[in-house]
Amino acid sequence: MSDTAATLTQDRQKLEMAALSAPAVIFTVGMIAFPVVYTIWLGFQTFSSTGKQSFAGLANYLKLISDVEFWHGLWITIALFVLSLVLQLVFGVWLALVLFNAKRLPGIVRSLFISPFMMPPVVAGMMWLVILDPSLGAANYILQSLGLPPSDWLASPTWVIPTVALIDSWQWTPYVALIVLGGLQSLPPSVYEAAQIDGASPFKTFQRITLPLLLPTIVTAAILRSVDLLRFFDIIYITTQGGPGNASNTLNIYGFRVGFEFFNIGYASALMLTLTAIVFGAVLAFNRLRGAVAW
Amino acid sequence: MNDAANTDRWIRWLNTLQLVLAGVVIMAPTVWMVLSSFKPSFEVTAYPPTMIFSPTLENYVALTKTTPFLSYALNSLIVTVGSTALGLLFGIPAAFAVSWTRISWPAILTLAARMAPGTLFLLPWYVMFRQIGMIGSYTALILSHAVITLPIVIWVLLPSFDGIPRSVFEAAQVDGCSVTRILWRIALPLVASGVAVSAILAFVFSWNYFLFALVLSNGDTKTLIAAAFNFIGEGSTQWGALMAAATLIALPPLVLAALVQRWLVSGLTLGAVKG
């Protein structure tokens, strides 16, 4: 008797739990899962200029393989991803060490350090657009005062990607630094004491002890940044829209323009699914790496 | 001994120097943006750039007079508050259920939005919302931005719910409390600060989000971020107004983030790092 009562309350509880998750699950299925399935279907369709759609089989994906602009976009996406990630991880770890050695970090200092990545990327883009203006910007003035040659920054096909990487790194290096700082603070102090007793130099201590212990945290930061960097959009769209020419036409920008400027929804769907596969592939790869460096 | 103390002082001095250097690099662009927004229009584009000037509000006045800045701001507020409320409404019970049952797939499902490029959803949304005539509606914008806020709420709240001792719930269950009652009466007050942090983070990221409003809004419902594009177009030489717009758009997230800075990092990594 009491047994059935117990299972009854347990069943009731399971039902109540399902009811609590239901709104979030239904919302996510409706807004994400169903639309993604729809995108997969759209990827097999072509739309004529009159808006009539017809089944196209793999035509969109075959087009992808022979589309010069796709390969260019892929190259730009990877270049921007690698450049930004390296900059942010190197400077992020450096900044974390500096912050760690400062010990006390007043709230106001912390607020200043998080301000770049709490500000809308669009605003960061507007701000740097003015600072990096080739003829009147403050950046070139500083370069010239130091006797260095000015740059065309975002207006130069050669320099636009490094410049965008620089803007994004200005925004997100403090974020990486704060993650790594969290990792530093959770390291057991005993390992340092042991190293000090052994008379290891600060550099050796960092190279042999701190860095290996920090690797899992650094890989976590790399995952979080990769996800954003591979689908880079805001700063480029607000500053160059993929230009000059197509010099900053990342896959996400290209897919957006194919979809919403040329209204080729079918081909844009194929492009976006490919990009999504790349992002998930990168996350899986980094996850394995994190498993390999865990301690 | 004296030598060691000297090296110590040197190292500390070097560290402070690096800290100041990093601070200047981080702060200078933002300071420059704010300064430029208060410059008289002829001085904003002065070359060499000027550091000393008599501050004026003319750029801000021009902004409100020549653009519908305030109605854009109102649109941003409606979409941001709406999507944050929706995220909390769906996210709080889901986070509680995931924490209690340890069945994590609903939480992981919502993470998909954090990983896939926004355009992936935007293409089908555009087709679907157009079919039912919802392009340009606040509803479409709020729903799309809730895709951003929901995972933030769930993943920020999960560790908070996990932190409540099980015995608290078990005692309430013995007293005959239903699960729903336990959530609203017992658990929620215990994670109130977590709810506040998740709400602020959700607000910030919804406010900052660019892509969806670019396509799903129209002239009447355009958010500030989506309208930023117009400011650049109109103000290619009006840097003062452009910087005034940038300053005002950045103000709400920066002020809110400063309020909860202590808890931000663990929240931002979706629980991956305990800050």
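**View 1. Surroundings of W207(B).** Leaving aside residues up to four places away in sequence, W207(B) is in contact with S76(B), T80(B), P252(B) and P253(B) (contact: C-beta atoms, placed from the backbone, within 7 Å). The model is predicted: local features need pLDDT of at least 70 and side-chain atom pairs count only at pLDDT 80 or more, while totals for chains, interfaces and linings use all residues. Residues are numbered from 1 along each chain as its sequence is written, and chains are lettered from A in the order in which they are written. W207(B) belongs to helix α10 (residues 192–208) of chain B (helices: DSSP runs of H or I, at least four residues, numbered from the N terminus). W207(B) counts as buried because 24 C-beta neighbours lie inside 10 Å (buried: 20 or more other C-beta atoms within 10 Å of its own).

**View 2. Packing of α5(B) on α7(B).** Helix α5 (residues 105–115) and helix α7 (residues 138–162) of chain B pack with axes 8 Å apart, at an angle of about 130° (axes: lines fitted to C-alpha atoms over the stretch in contact; angles: 0 to 180 degrees between N-to-C directions). Residues of α5(B), including L111(B) and R114(B), meet residues of α7(B), among them I154(B) and W155(B).

**View 3. Chain A against chain B.** In this interface, 71 residues of chain A contact 77 residues of chain B. Helix α1 (residues 2–42) of chain A supplies the largest share of the chain A side, 17 residues.

Terms used. Two residues are in contact if their C-beta atoms, placed from the backbone, lie within 7 Å. Helices (H or I, at least four residues) and strands (E, at least two) are DSSP runs, numbered from the N terminus. A residue is buried if 20 or more other C-beta atoms lie within 10 Å of its own, exposed if 12 or fewer, and partly exposed in between; C-beta atoms are placed from the backbone.
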